Amino acid sequence: MDYLKELEGKSVHDKMIRPIWVPGPVIVGAGPSGLAAAACLKQKGIPSLILERADCLASMWQLKTYDRLRLHLPKQFCQLPLMPFPKSLPSYPTKQQFLAYLKAYADHFDIKPAFGKSVVNAEFDHTCGLWRVKTEELKKEVTEYVCQWLIVASGENAEEVLPQIEGMEEFKGPILHTSLYKSGSMFSGKNVLVVGCGNSGMEVCLDLCDHNAHPSLVVRDTVHILPQQMFGKSTFGLSVWLLKWFPIRFVDQFLLLMSDLMLGDTAQYGLHRPKLGPIELKNLYGKTPVLDVGTLTQIKSGKIKVCRGIKRLSHSAVEFVDGKVENFDAIILATGYKSNVPSWLKGTDMFCEKDGLPRKPFPNGWKGENGLYAVGFTKRGLLGASIDAKRIAEDIEHSWKAVEYAHVLDFPCPLA
């Protein structure tokens, strides 16, 4: 094909890189989102190639999560398309059970990602009408892939958010992000400050309590805390059902009424609620409510202290914005993650430079121009990723049958 000859010509000036033609889509990321996209495509007879920077599936889950982690939502809301969880698993599978499910999912659909391939640049070549995706390996070996469709599945949680706090360099104890936290066993008997009051921060505090540490929790902003279950059913599932019949604000009022009855007034413990209801806040700003798994009981008992924002750190102490000063042995940053898409995806305005998320809000952020797609950027977890994956596969199917690539079968095509 003329355009491939042209690409090869360009590659002569780029360290003699011979482009690898990929007949189907290239998918960036072998997490749940990337696997879901590959499976939906395969069901329609469309091959794909997954490029993954790590050496394993779901590296975020495998390498950067704590040991006690379970799915926060019931399994029926977290299963990937075309293959439900085994019935034998509990409603809230453990980290290990979820990883086993993902491996079984990849095996079932014969998905074989190319591991150790870190995408450093992806750009649409308007001259030939194709995407050019460059990767680097550990040995700095550069490979270029050429494709008609590019699916971004690197996720909302590609890189840690590390806040800059005055005096961090002076603090003598360890300061680590939750991506490095595995268990509270190493902090037994120590005073630990956890920065961040989302689901991870809350659960890390509970884990620290279970290992006889003395945690304190920094709460700078308002936060919605809801019971994980109501009337013997998951709060999330109940909300989904109610939203079929009632408007969001009514459902929010119901959830808050039940939360007050079941949990009490959280404000008296320093956990003030936002003015917007939990569902409305999630839809507008992507801020997830905390589903309580026992942390609030420990806060009420005094085993977990609630602190205001940090002003500065010193040798072994933390000064808070309210003037209080306390000593701590370690600090854990439960400050979340961010997308890294703007660092490698060039020449498109589909993703916002500031937060690395699609500019168009859900449910319209899955499709860009020139065969560019995004899966798993909905701020709606695994359920949102599954919705994206199905839509993308259906959309690509329309043009797949018209694509002719018989002339390039001599190009190496490592496909999933």
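**Figure 1. Strand β7 and its partners, beginning with the pair I20 and Y145.** In this predicted model, I20 has Y145 of β7 as its bridge partner. The pairing belongs to strand β1, residues 20–21, which runs parallel to β7 over two bridges. Strand β6, residues 130–136, also pairs with β7, here in the antiparallel sense and over six bridges. β6 and β7 make a hairpin, with five residues between the two strands. K140 lies in that turn and has a positive phi of about 65 degrees. Strand β7 itself spans residues 142–147 and is mostly covered. Five of its six residues are buried. In a regular strand, side chains alternate between the two faces of the sheet.

**Figure 2. Cysteines without disulfides.** How many disulfides does a search of the whole structure find? It finds zero. C147 is in no disulfide, and its nearest cysteine sulfur, that of C128, is 10 Å away. C147 is also buried, with a relative accessible area of 0%. C205 is a second case to view. A disulfide here requires sulfur atoms within 2.5 Å. C205 counts as buried, at 0% relative accessibility.

**Figure 3. An open sheet of five strands.** The strand order is β10-β21-β11-β12-β17, and the pairing is parallel. Which strands stand at the edges? They are β10 (175–177) and β17 (305–307). Each has a single partner strand, so one side of each is left without a neighbour in the sheet. On average, neighbouring strands of this sheet are turned by 25 degrees against each other, direction ignored.

Figure 4. Strand β11 covers residues 191–195, and strand β12 covers residues 214–218. The two run parallel and are joined by five bridges. V192 stands opposite P215 in β12. Helix α5, residues 199–210, packs on the sheet and touches β11, β12 and β21 (330–333). The direction of α5 makes about 165 degrees with that of β12.

**Figure 5. Helix α2, mostly covered.** Helix α2 runs over residues 32–43 and has 12 residues. From first C-alpha to last, α2 reaches 16 Å, close to the 16 Å expected at 1.5 Å a residue. How many of its 12 residues are buried? The count is 10. Among them are P32, G34, L35, C40 and L41. After α2 comes G45, with a positive phi near 80 degrees.

**Figure 6. Confidence along the chain.** The mean pLDDT of the chain is 91. A value of 70 or more is reached by 93% of its residues. Where is the pLDDT below 50? The stretch is residues 404–416. Beyond near neighbours in sequence, this stretch has 35 contacts in the model.

Key: Residues numbered from 1 in each chain as written. Heavy atoms only, no water. Buried < 20%, exposed > 50% of the residue type's maximum accessible area, 1.4 Å probe, protein only. pLDDT = per-residue confidence, 0-100. Contact = heavy atoms within 4.5 Å. Pairing = 2+ DSSP bridges. Helix = DSSP H or I, 4+ residues; strand = E, 2+ residues; numbered from the N terminus. Axes fitted to C-alpha atoms, helices over the stretch in contact; angles between N-to-C directions. Expected span 1.5 Å × (residues − 1).
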